[in-house]
Amino acid sequence: MKQVINLFDFSQKVNYKTEVLAGLTVAMTMIPESLSFAILAGFPPLMGLYASFIAGLVTAIFGGRPGMISGGAGATVIVLIALMNSDGLEYVLAAVALAGVFQLLIGIFKLGKFIRLVPHPVMFGFVNGLAIIIFMSQLEQFKTVVNGDVTWLSGTALYIMAGLVALTIAIVVLLPKITKAVPSSLVAIIVVFVLVYFLGIDTKTVKDIASVSGGFPPFHIPNIPLNWETLKLIAPYSMIMAAVGLTEGLLTLNLVDEITETKGNGNRECIAQGGSNILNGFFFGMGGCPMIAQTLVNLSAGSRARLSGIIASLTILVIILFGAPVIEKLPMAALVGVMIMVAIGTFEWVSLKIFNKVPKKDIFLVIIVAAITVILHNLALAVLVGVILSALFFAWESAKRIRARKFIDKDGVKHYEIYGPLFFASTTNFAEKFDVADDPDVIIIDFKDSRVSDMSAIEALNVLTQRYQKVGKKVHLRHLSKDCRRLLSNANDIIDVNILEDPTYKVVVDEN
């Protein structure tokens, strides 16, 4: 029973003041970002705030770890732009709900563990790419619309914007050296707001992006035909959105694990994300996932519990219902300054320092993953490419490790003692170790220090033994595992093994 009702770790010491202030800071930085991405995708602006409220609340309570912040993220929204343009909002809502179902199933079947397959260089590339995206998205706030054309700010407007951004950054950097009693980002936002409001400074505000006033998220069943054609249309978008959301979420979870030196639960996070996106699809949200920028704002403000995420999401709801007139007057410069500092803090600067100390393939992985993230904004593709390239690099390096120790015993039998893994990439090198024409009539191939790993390796053994049989020579294969012996088509004729010494390979499976 305890496992069902224990949503929070009550043994954890919670600093309520820090959690509340961190939650307020996160809400302030999340609002303009969610609005911006909703407008970018062509959605009603409030869909972004609804997504941040729903995703933020559900994952804060049920998610895989304290400290993570979810909301209406650009990473998942970008996937849906094409569907919005071609088929409209109702299909988008259905796709968001279906993406939630996919994520829920991944969590239920405990597939979140496969995030461990992401190597560290890919992680560096992913984080660096996101940092660049966060920074570049802030530059958009230095643009304005003149006679229907988007142009860069100039003259006084540019100087005011740049000055207020610089002031915000200065407060964020310098205040922690004086006191850490309150989050420096929240203080920066309040100070700049007070200056702009009481001095009557004319600068860009949240209202210039969109109105944040509205009601409680309305329940709405997507008005689409329930047939196979609809499923074929929305399923690809849903799968990509689910993959992007889980990729960003689980990598963010790993990042928070490293920062806080604690361990989260990836499968629980998958289930929470799925549940939040199902609700988004039926309550007019644009869908969401964990947001690395807001998570880092939260952690830098001192939060280590779930309370800050709950406060942030409830703050967004209160603002939608009651606080819009005040929030719409927030200067965008203050929010831009905070997010620029988040981008600087997100970037893994250590990855630049170690460029001349790590293998070139790892440097290449960092660069290619970051480039795909920045250029295509497709986090799932970036990580997938990184994992595939990393696997190929590993296969190539492992293929070069196979070797053979050769000797002829007193009975004239030639022994080949194989070292290193035999698999698809090493079969060619393996075959080149043998001298079929000049070998004696009997040879022994010993796999005590090797591992026959796949069907390509088994086929290589079949081909090798057939080559020896054609010239009338006898081959004994020793220390093969039982699965290998079963699969060798001519095993009964050629294998001479000691059953007691044959290894049985088992895989350790983590239940989480």
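Which span should the 20 residues of helix α5 have at 1.5 Å a residue, and how far apart are its end C-alpha atoms? The structure examined here is a predicted model, in which local features need pLDDT of at least 70, side-chain atom pairs count only at pLDDT 80 or more, and totals for chains, interfaces and linings use all residues. Residues are numbered from 1 along each chain as its sequence is written, and side-chain values use heavy atoms, with hydrogens and water left out.

Helices (H or I, at least four residues) and strands (E, at least two) are DSSP runs, numbered from the N terminus. The expected span of a helix is 1.5 Å times one less than its number of residues. Helix α5 covers residues 89–108 and should therefore span 28 Å; the end C-alpha atoms of α5 lie 29 Å apart, which agrees. Just after α5, K110 adopts a positive phi of about 55°.

Helix α4, formed by the 14 residues 74–87, reaches 20 Å from its first C-alpha to its last, close to the expected 20 Å. At L80, α4 bends by about 35°, the bend being the angle between axes fitted to the seven residues ending there and the seven starting there. L80 is also one of the buried residues of α4, which include V77, L83 and M84; buried means under 20% relative accessible area, exposed over 50%, and partly exposed in between (1.4 Å probe, protein chains only). An α-helix has 3.6 residues a turn, so residues three or four places apart point the same way. G88 follows α4 and has a positive phi near 100°.

Strands β2 (residues 143–146) and β3 (residues 149–152) pair in the antiparallel sense over four bridges; two strands pair if DSSP finds at least two bridges between them. K143 stands opposite W152 in β3. Two residues separate the strands of this hairpin, where N147 takes a positive phi near 55°.

S426 is located in the loop between β6 (414–422) and α17 (427–431). S426 counts as buried because its relative accessibility is 0%. Beyond neighbours within four places in sequence, S426 is in contact (heavy atoms within 4.5 Å) with A399, I402 and P421.

The protein chain averages a pLDDT of 84, and 91% of the residues score at least 70; pLDDT is the predictor's confidence in each residue, from 0 to 100. Over residues 1–7 pLDDT stays under 50, and the model has four contacts beyond four places in sequence for them. Where pLDDT is low, the predicted coordinates should not be read in detail.
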